[in-house]
Amino acid sequence: MDIISFSKHILDHRIDRRKEHSVETIVYIAMAAVICGAESWGEIEAFGICKKDFFARQI
C-alpha cells in the first residue's frame, strides 16, 4: 500500500470550510519534509512552500 492510499483511511476531524488541503497531501508532504531533515511544523511548512511546484505535479 502506498502512502496516499494509506492516508485516505485517516479520519479528518477538521471543519470542512477550513480544509485547504487534503489529509493525504498533508501526510505526503510532511513525510517527505521529515525525510529531508525538517524538525518542526514550521520547517515542514517551509519545505512544502519551497516544493509547491514539485508536489503539484506529483499529487
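Let me start with the buried residues of helix α2, which are V23, T25, I29, A30 and A33. They cover an arc of only 160° around the axis, which puts them on the same side of α2. The general point behind this is that an α-helix has 3.6 residues a turn, so residues three or four places apart point the same way. Please keep in mind throughout that what we are looking at is a predicted model.

Just after α2 comes G37, which takes a positive phi of about 110°.

Let me move on to helix α3, which covers residues 41–50. Its buried residues are I44, F47 and G48, and, seen down the axis of α3, they fall within an arc of 95°, so they line one face of the helix. On the other side of α3 we find E45, I49 and C50, which are exposed. For E45 the relative accessibility is 52%, and since exposed means over 50%, E45 counts as exposed. E45 and I15 are 30 residues apart in sequence, and their C-alpha atoms are 20 Å apart in space.

Which residues make up the largest nonpolar core? There are seven in all, namely I29, A30, A33, A38, I44, F47 and F55. The elements that give two or more residues to this core are α2 and α3, and α2 gives the most, with three residues. One member of the core, A38, is in contact with A33, E43 and I44, if we leave aside the neighbours of A38 within four places in sequence.

Stepping back to the whole protein, we count four helices and zero strands, so that, from the N terminus on, the elements run α-α-α-α. The C-alpha trace spans about 30 × 25 × 25 Å along its principal axes, and of the 59 residues, 19% count as buried. Among the contacts with a separation of 6 or more, 24% are accounted for by residues 24 or more positions apart.

There is also a record to mention: an unreviewed UniProt entry carries the annotation "domain: H repeat-associated protein N-terminal", and this annotation covers residues 9–57. In the model, that span is 59% helix and 0% strand, and its end C-alpha atoms lie 23 Å apart.

Finally, a word on confidence. The mean pLDDT of the protein is 87, and 95% of its residues reach 70 or more. Where is confidence lowest, and where is it highest? Helix α1, residues 3–7, has the lowest confidence, at a mean of 76, whereas α3 has the highest, at 96.

Note on methods
Residues are numbered from 1 along each chain as its sequence is written. This is a predicted model: local features need pLDDT of at least 70, side-chain atom pairs count only at pLDDT 80 or more; totals for chains, interfaces and linings use all residues. Side-chain values use heavy atoms; hydrogens and water are left out. Buried means under 20% relative accessible area, exposed over 50%, partly exposed in between (1.4 Å probe, protein chains only). The arc is that of the directions from the helix axis to the C-beta atoms. UniProt positions are given in the numbering used here, feature names are shortened, and annotations may be inferred rather than shown by experiment. pLDDT is the predictor's confidence in each residue, from 0 to 100. A nonpolar core is a set of buried Ala, Val, Leu, Ile, Met, Phe, Trp, Tyr and Cys residues joined through side-chain atoms within 4.5 Å. Contact means heavy atoms within 4.5 Å.
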